[in-house]
Structures are given as structure tokens and as C-alpha cells.
Amino acid sequence: MAHRPYGLLAEFEDATALVQAAARAHEAGYKRFDAYSPFPIEELHHAMGSPRSRLPLIVLIGGIAGCLGGFFLQYWAAAIAYPINVGGRPLNSWPAFIPVTFECTILVAALSAVLGMLALNGLPMPYHPVFNVDRFALASRSRFFLCIEARDKKFDLESTREFLQSLGPREVSVVEP
Amino acid sequence: MSDRDAAGGSAEIKAGVEGYTFGSVTDKISSVVLQRRAGLGWYSGFALSFLLTMLLLVSIAYLVVKGIGIWGVNEPVGWAFAITNFVWWIGIGHAGTLISAILLLLRQQWRTSINRFAEAMTLFAVACAGIFPVFHTGRPWLAYWLFPYPNQMGVWPQFRSPLIWDVFAVSTYATVSLLFWFVGLVPDLATLRDRSNSRVGRIVYGLLAMGWRGSARHWHQYDTAYLLLAGLATPLVVSVHTVVSFDFAISILPGWHTTIFPPYFVAGAIYSGFAMVLTLAIPIRAVYGLEDFITSRHLQNMAKVMLCTGLVVAYGYMCEAFIAWYSGDVYEGFVPFNRFTGPYHHYYWALLTCNVVLPQLLWIRRVRVSPAALFVMSLIVNTGMWLERYVIIVTSLHRDFLPSSWGMFAPTFWDLSTFVGTLGLFLALFFLFLRFLPMISIFEVRTMLPAAQVETDWEDVD
């Protein structure tokens, strides 16, 4: 197969233009595209029609696992593996286990929030084609980008370029793979 | 209180960044790391704090060789400086989490320009705090025994002990603070990666940024993660100082065995933490010319938080003394009497002066708008909070039930050198942080600019 680009990258000057462009691309039926901005834009996510994040569920599961793991660690240590009889007091003294259970809940939930976020985002990712466009360095400073990827079914180098041009970008460039 | 005050003065804070664009905000904050040469002030400050860090290492090395007898600890005062310093440092850390997590959930936008270095302060303070209990164990090379792990001795930690709760609370706190700080840094590390002129800078910041490219899909997960972390850190920060106060309150020692301890410790932690944020912020904004980002309104808001938590702490002192008297218990009643008039009464009255009397000046607007006055006030509160922990620990321990077991504590050179050494370590880490990482969250300041507002009148897509 001949040389095939990763996609087409359009550069915009302000946030509103990017949100509009993303909404237009979504309306036009493009699926495989992404918007890049130097700060989070809530409206952008809606405009792109992306699904809701699954992260809260991951964190909930992490928190429950931490809670149960933390409690049963203590139960097992205090009641089974190393029971200490102090004047006949109950070995499963659960009120005394609450602080550590709580800390374990928070610890595992927080770890799943961060690791889950990285996993869902596919990070760390040392190489990505969009960085081949020199001006993309400005995506972490002041500029806004929309990239329609070649793997999209509707992607066609000429018609997609025309579509992007119609959105009023500063420039459109080809992204090398 | 006017409407403007009620909104945390957000209009005034936004006005500070009015003249900036996405580009100039980025340049201004990142230039401290990327372009600006470190001045004489930075070098001399770093040199001094590095020297003190070396003093810390010498003190610790000597401690490991000789044992904790080199400190002034004895029977009955077994905790003294080490635990005073531990509680003081942990408390200082709490303001960082409060600013980054609780104020985020409360949508206090003014937190944006101070959260990064307040979180750095938290991390470094927790690092300093952790040193004390570990070396106070006397056999720091066996500190890992505190964690539950299968071992050939067949023993497990005593999970009914508040000291084990403390191990879990503080290590969870350190981990979550690090995660929160690092997650907040990732987009800014990407900015530094893209803007660094040196190859080393590009590689190091590039590795740390993990390939962050500002994708909208990533931002969405990122915002969710950040909000969830804030939600998790909020109960955590309250739990940490509560557990620290349990170290005292669960015991049966007069002066420690009180239920007011958890809320009053948490308030005290926030009190001292905000004082430390002011101690750091006031010189930094002057030296690096960041008055547009850390405005007078920020300083005033922090002063108000200090005033409020200071009053809670004052209530704690009152309640402590009242309940001791009201209990009718002779040993409990003796504790406040001994604090007011006993051998450590100078410390007690100094603590009340620093924590309760002088901070009332913060009611006066002229004091709140003067950075110099606030700086002095922050040092006073830091001193007062250190004295508070010293008084709680030493005066309760040195005279308990049996007069035959009473004693006195006096710090030795090594007590002082270890404490001063951790101050050096804290400042040295902070100086390095200022040079190598953006001290203000760049991407969050970008969201405060007027240009970040998306016009949504066209939006009827769904």
C-alpha cells in the first residue's frame, strides 16, 4: 500500500472555533477524530459526542476492593493469624479496624483513579503522529487543533481537506504516520 | 460582608489576569523554569537550606550510631521534640490538600494560582514529618515492621493501636498527595516539554509528561479523575489529623484523653498550614513578580481562613481547660493548672499570645491588605502552633498521676539540630521545586482567562 497519512490537522485560533468545528465534524458523520486544546473545555466533549467516562465505576470498584481488602486484612491478622487474648475481649474488634479500613479505601480508590485515567487515555505514549506537525507544539500553549484520522471510514484526503477548510482554520496540514 | 467578598473576590482575581493571553500566561510562568537565570537570592537561599539539610543528615547519622539517648527524651517525657515536630509538619501539609481539593469542590476559583505550590508544600512537609516517627522508633532499619507483611516471625501489627492507624493514615496521605500533585502537573510538564530549549529538558519533561497531547478525550477522563481525587482527598485530609489526634486521645493520660482533640487538631492543622502558605507565597510573589496571579485578594482570603481556624483553635483551648475543671477529676484538673503556672508556663502563655491574642489583628483590614504584616503574622502563627504541640506533649507527659514519676524535659543540641535540619530540607526541596517545575498551574490559569469562555449560543447540536 502506498504512503498513507495519519490524518489531517486543522489549527484554530480560539476555543469557540474549535468547539464549533468539532460539532460540525460530528454532525458530518466523522467518528475517528480528536480535538486538542491547551486546557480542558467542557463543551468540547459534548460537541464531539463522546461517551461518558467509565472512570467513576473503576474508582468505585477500587474503593470497594480497598475497603474489603483493608478490613479483612485486619480481621485475618487479629482474629486468625495472630490472635491475642486480652482479658477475653472479642478478637474481631471491628470498631478499632475502621480507621485503617477507611485509609485503605481511599488509597486504592485514588490509585485506581490515577492508573485508570492513564489506562483509559492510553498513557504513557512515547510516540504519537500528531507531534510530527511542528506547529502542534503550540497545542500545549495557546492554539487549538482538530485532527480527522485516516482510519475514519469517511476519510478522503481531498474531501476531508475541503471540509476542514470550510471550518475557517488558520491552516490545514497533513499528519505523517 | 458584601457580595464581592462573598464570591471570594473572584472578579478582582480575574481582573489580575485580564491583560494576559494564553501565550503570555504560559511564557510568564514557564520562564521562571526555562529562561530566567537563578539570581543571587536563589543561590544563597538554596545554599543555606542545603547546609541545614546536611546538618539534618549529620544529626540522623549520629542518632543511628548512638541511639535516641542523644535527644533529651527520657522517662516520663518519651515523645517530646520528635512527635512535636511530626505533628507540626503534618499539620502544615494539610493546607495544601485543603486548597487543592476542598476549595476545588467548593468552586473557589482563587485557589487556581496557589494550589500547585501549596501541594508541593504538602509533599515536602509530609516528607519532613515522616522522618521523626521513623527515627524515634530507635531502630529505623526495622521501620518496615510497621507494615503488615508475611514474615518468618509469624507476627502481625496490632491493628487496634492508634500508632498503626497513624502509619496507614500518613502513608496514604503521602501517596495520595503525590498522585494529586503529579496528575495536576502532567499538562504543564507537556508545556515545558514543548517549550524547553535544552535537549535534557525536552527528554526529562517529555518522560514525565508521558506523551500528554491535550486531546479532548483525554481531558475529559483527566477532569473526571482530578475531581474524583479531590473528592477522595477531602475526607482523607480530615481523617489524617483526626488519626494523629487519636495517638493522644485514645490514651488515658490526663490532658490527652479528650474528645475535643480530633476537630481541634484538624482546625489547628489548617491554621498552621495556611500560615505556611503565606510564609512562602509572600516572598515568592515579590521575587518572581507574580502579583498578577497571587493577588492581594488571595492573601486576604488566606488571612480570613487563618482568622476563622484560629478561633476554632481558641475554642479548643477553652473547651480543654473547661472540661478538665468540670470533670471534677483531680488529675485532669491539675493539667491546665500545671500549664498556667507550672514549669512550662512560659511556653503556654507564649502559645496563647501567638495563636489567640495576636491573630485577632487580622480583623483589621489594614493588616489583611499588607503583605509585610501578613508575613509577620504567618511566622507568629507557625511559632504558636509549634508551641501548642510542644505544650500538649510535654506538659501532659511530665507530670501525670504519680508525683514520684514526675520529670522534666529539656532539648539537647541534637533535638534542635534535627528540627532545624528538617526546616532546611523543606526549604531546599522548595527552592529546587521553584527552579524545575512551574510553581503555578499554567493550564488552570488559562481556564481563568476571558478567552477561555466558549460562546454557546450556536449550540443545538444534539
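In this predicted model, helix α1 of chain A holds a run of buried residues, namely A:Ala15, A:Ala17, A:Leu18, A:Val19, A:Gln20, A:Ala21, A:Ala22, A:Ala23 and A:Ala25. The elements that cover these buried residues include, within chain A, the strands β1 (7–12), β2 and β3 (144–149), together with helix α2.

Across the interface, 59 residues of chain A are in contact with 54 residues of chain B. On the side of chain A that touches chain B, at least two residues each come from α1 (15–27), β2 (33–36), α2 (42–47), α3 (55–81) and α4 (98–121). Of the contributions to this side, that of α4(A) is the most, at 13 residues. By residue class, the side of chain A that touches chain B comprises 40 nonpolar, 13 polar and six charged residues.

Turning to chain B, helix α10 (residues 261–287) packs with helix α11 (residues 296–326) at an angle of about 150 degrees, and the two axes lie 8 Å apart. Because angles over 145 degrees count as roughly antiparallel, α10(B) is roughly antiparallel to α11(B). Their crossing is left-handed. On the α10(B) side, the contact is made by B:Tyr264, B:Ala267, B:Gly268, B:Ile270, B:Tyr271, B:Phe274, B:Ala275, B:Val277 and B:Leu278. Helix α11(B) answers with B:Leu299, B:Met302, B:Val305, B:Met306, B:Thr309, B:Gly310, B:Val312, B:Val313 and B:Gly316. The residues of this contact divide into 14 nonpolar and four polar, with no charged residue among them.

A further detail of chain B concerns B:Leu208, a residue of helix α8 (residues 199–209). With 18 other C-beta atoms within 10 Å, B:Leu208 is partly exposed, because that count falls between the limit of 12 or fewer for an exposed residue and that of 20 or more for a buried one. B:Leu208 also brings together separate parts of the sequence: B:Val186 is 22 residues away along the chain, yet the C-alpha atoms of the two residues are 7.2 Å apart in space.

Key
Residues are numbered from 1 along each chain as its sequence is written. Chains are lettered from A and ligands numbered from 1 in the order in which they are written. This is a predicted model: local features need pLDDT of at least 70, side-chain atom pairs count only at pLDDT 80 or more; totals for chains, interfaces and linings use all residues. Two residues are in contact if their C-beta atoms, placed from the backbone, lie within 7 Å. Helices (H or I, at least four residues) and strands (E, at least two) are DSSP runs, numbered from the N terminus. Ala, Val, Leu, Ile, Met, Phe, Trp, Tyr, Cys and Pro count as nonpolar, Asp, Glu, Lys and Arg as charged, and the others, Gly among them, as polar. Axes are lines fitted to C-alpha atoms, for helices over the stretch in contact, and angles run from 0 to 180 degrees between N-to-C directions. Angles under 35 degrees count as roughly parallel, over 145 as roughly antiparallel, 65 to 115 as roughly perpendicular and the rest as oblique. A crossing is left-handed if the near helix is turned anticlockwise from the far one by less than a right angle, and right-handed if clockwise.
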